[in-house]
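Let's take a walk through a protein together, starting from the inside and working towards its metal. Have a look at the picture first, then read on.

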Amino acid sequence: MRAALLSSFLLAAACTGPSEETGTPQADCEGDYDVYEPGMEIRTTQGNFYLELVSATPDPPDEGVNDWLVKVTTESGSPVNGGTVTITPWMPAHGHGISPPDYSGTPTAGDGEYAIPAFDLIMPGVWEFQTLITESMMNDTVTFSFCIEG
Ligand SMILES: [Cu+2]
């Protein structure tokens, strides 16, 4: 009995994410991470672009195969067609990514949208998504992260 209480205490203490409030079991996600929302917008480091996470399957992103649709716009809100967007998942706590490492979006019907090829998050925990966006002579990067609950 004492051991069970102790381990549930440690689990609760290690989880800093929003699910803690609801008591939902989750992965051992430590440190800072972003909270996924469909349509969330992430500004790139130099401010050159916005990356919108239009949709994710599964929603929210989870362990296993993930399919994302993203949209890239300029600082002034114009859709970026004919650019590139490449996402590299990385697990900082363990110092590994996945194979293959990089996922470059395929332009969809326009409007700055790109379908990211399916990528397999092989374990629960905090994953970073290192992102490179290019458009003609301009490029910019951003890294965001989610708690993948598994
Ligand atoms: Cu790992």
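A nonpolar core is a set of buried Ala, Val, Leu, Ile, Met, Phe, Trp, Tyr and Cys residues joined through side-chain atoms within 4.5 Å. Keep in mind that what you see is a predicted model.

So who sits in the middle of things here? The largest nonpolar core has 27 residues, and the ones touching the most other members are Leu-53, Trp-68, Phe-129 and Phe-146. Zoom in on Leu-53, and leave aside residues up to four places away in sequence: its contacts include Trp-68, Leu-69, Val-70, Phe-144 and Phe-146.

There is also a second, separate core of five residues, and Cys-29, Tyr-33, Val-126 and Cys-147 are among them. Two of those names come up again, as Cys-29 and Cys-147 form a disulfide with their sulfur atoms 2.1 Å apart. That is the one disulfide in the structure. It ties together distant parts of the chain, with Cys-29 in the loop between α1 and β1 and Cys-147 in strand β9, 118 residues apart. Are these two cysteines buried or exposed? Both Cys-29 and Cys-147 are buried. The link is right-handed, with 85° about the S-S bond.

Strand β9 also belongs to an open sheet of four strands, in the order β5-β4-β8-β9 with antiparallel pairing. At the edges you'll find β5 and β9, each pairing on one side only.

Now for the metal. Which protein atoms are the donors of the copper ion? Here they are:

| Donor residue | Donor atom |
|---|---|
| Met-91 | SD |
| His-94 | ND1 |
| His-96 | NE2 |
| Met-123 | SD |

These donors lie 2.0 to 2.3 Å from the copper ion. Along the sequence, the donor residues follow the spacing M-x2-H-x1-H-x26-M.

Why is the arrangement around the copper ion called tetrahedral? Four donors count as tetrahedral if all angles lie between 85 and 135 degrees. The four donor atoms here subtend angles of 99 to 125°, so the arrangement is tetrahedral.

One last stop is His-94, which has a relative accessible area of 45%. Because that value falls between the 20% limit for buried and the 50% limit for exposed, His-94 counts as partly exposed.

How values were computed:
Residues numbered from 1 in each chain as written. Predicted model: local features only at pLDDT ≥ 70, side-chain atom pairs only at ≥ 80, totals over all residues. Heavy atoms only, no water. Buried < 20%, exposed > 50% of the residue type's maximum accessible area, 1.4 Å probe, protein only. Contact = heavy atoms within 4.5 Å. Donors = N, O, S within 2.8 Å, 3.2 Å for Na, K, Ca; no water. Tetrahedral: all angles 85-135°; square planar, octahedral: opposite > 155°, others 65-115°. Disulfide = S-S within 2.5 Å. Helix = DSSP H or I, 4+ residues; strand = E, 2+ residues; numbered from the N terminus. Pairing = 2+ DSSP bridges.
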